[in-house]
Amino acid sequence: MHFSKLFLPTLKESPADAEVISHKLMVRAGMIRQVASGIYSILPLGLRVLRKVEQIIREEMNQIDGQEVFLPSIQPAELWIESKRWDFYGKELLRIKDRHNREFCYGPTHEEVITDIVRKEVKSYRQLPILLYQIQTKFRDEVRPRFGIMRGREFMMKDAYSFHADEEDTQYTYKKMAQAYTNIFKKCGLDFKQVQADSGTIGGNFSHEFAVLADSGEDDIGFCESCGYASNLELAESKPPAPPAPLATSEDIKEVETPGQKSVEAVASFLNIPTRQIVKTILFENENGLVAGLVRGDHEINLVKLKNLIGCEWLEPAEEKAISKHPELHCGYIGPIGIDLPVYADCEISTLQSFVTGANKPSTHFTGVQVERDLKIKKFSDIRTVKTNDPCPHCEDGRYQVKRGIEVGHIFILGTKYSSAMKAVYLDQEGKEKALIMGCYGIGVGRTAAAAIEQNHDDRGIIWPINLAPFKVVIIPVNYSNEDLKVVCDNIYDQLQKTGIETLLDNRSDRLGAKLKDADLIGIPLQIIVGAKNLSAGQVELKIRKTNESRLHPYPKFINDIPNVLKEL
């Protein structure tokens, strides 16, 4: 490709609404342009990168016997009503009507459509397992789309679905898919973690995320370098506490005035005690009303863990309106003693002795509280969020590290959630009808490209991993109108093209400085700079974008060395 023919509208300044570096650089590098909030046109350079991601995905999916399909983006409401997600999915589901007033949605995912296909075509265990995948546009009406194509409303996604006769086969495919995902993200040049995750609105009972480590990530990842355990912070397990030593003497519970002291830190300072000796009582609301969660004062309650413990459909921090219906509760001084609500406690609470809680009276706390004597706990469980340096629950000496992560892939074991609801069944070896067991596996194509930029950039622009680069090499003549330089550059270009190396020739009349800035901005891994002075000595300059290392090489001998140079990048 000649630069003069490439549609590449680069910008010197970042867009004012861009919050993360990938959004800024993708706009500046002429890869994307916004059409509406969360909806982007992908321009030629950006599409070349996305196609690279897609090809890597296809290779790995085909390697594990995945078969590519292409499903409709517009889906009839009837299928979603069958699966019971039409109402449950909420406002993120874009609902539309056709000219006959029939309801449809623009698919955010394709569990319903693929299950409908398989239930009509698969009748026997002999046809199983099946693994089908597609790469297609999705739409989720995000309340706050941001970060460019990393969290847009319309996005490109690879989604795969597997169908099985038994759990053992499901697990086998799940493990193969996890390895395929590992291969994909390694080929994309990403630093990532496979982490235990919550299944969210997709459903199912087992899932893992693949998260790229980056400061701009929206999720917190807890992981242990010693044993390799990693989890989304929503589910990261805390180490079970050691049992408490027997009390020498039992302290009486006392009511203590704490005027104006509402926060844990304020109460701890007022009473001259560590925050770990205070038990916070946090109120939450679900479909059945209010519940209370207890956690040590220096910890935080994990909403997902508590929701999973309760087994409710939804769980949110209680609003004052809901709390006001209970006159015995006083915000800032709420405690677990004597309240007529289900109380769930973190397992560490069971090890505390003589601690402090709110007294359900203004400006008042209890001291000397004992668990067995004073509290009525419905369930003890791990419901806290882990922190950096917390002990790892899976090894002896490991400690948690907590970093931000960008979710680029998610795999689920769905079980029979959709097949049971939609009556997708097969006949087993004994002729008995059974529900198909399903797996679901997604990769955000655009998110993967954006995450690569988040991990690979500097103050000059993008530094593409070699397998994602839109071009592997850019040839930059100091002056293309110089006939000698033109002949040499054209010769290099032709020979690289013949060897299958994707090459961009900057044949513009711009100054060298402008060409170098554009080459750095768009992040092409290898720059070949051809100038009259070096050429007169029989040399050209090779510059590595990632390291900024620059060396002179003999011309034309160096051309045969380019494949080896690229392998080392």
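I began at Pro556, which lies in the loop between β31 (550-554) and α15 (562-567). The model I am reading is predicted.

**Cis bonds**

Tyr555 and Pro556 are joined by a cis peptide bond. I noted omega there as about 5°.

Next I looked up Pro129. I found Pro129 in the loop between α4 (111-121) and β7 (130-139). The peptide bond from Leu128 to Pro129 is cis. Its omega is near 0°.

**Positive phi**

I then turned to the loop between β18 (355-358) and β19 (364-369), where Asn360 is found. Ser363 is found in the loop between β18 and β19 too.

I read phi for Asn360 as near 60°. That is a positive value, and Asn360 is a residue other than glycine. For Ser363 I read phi as near 55°. This value is positive as well, in a residue other than glycine.

**Accessibility**

Is Asn360 buried or exposed? I looked up its relative accessibility, which is 10%. Buried means under 20%, so Asn360 counts as buried.

How does Ser363 count at 25% relative accessibility? The partly exposed class runs between the buried cut-off of under 20% and the exposed cut-off of over 50%. Ser363 therefore counts as partly exposed.

**Entry to keep**

I wrote down two cis bonds to proline: Leu128 to Pro129, and Tyr555 to Pro556. I also wrote down positive phi for Asn360 and for Ser363.

How values were computed
Residues numbered from 1 in each chain as written. Predicted model: local features only at pLDDT ≥ 70, side-chain atom pairs only at ≥ 80, totals over all residues. Heavy atoms only, no water. Helix = DSSP H or I, 4+ residues; strand = E, 2+ residues; numbered from the N terminus. Buried < 20%, exposed > 50% of the residue type's maximum accessible area, 1.4 Å probe, protein only.
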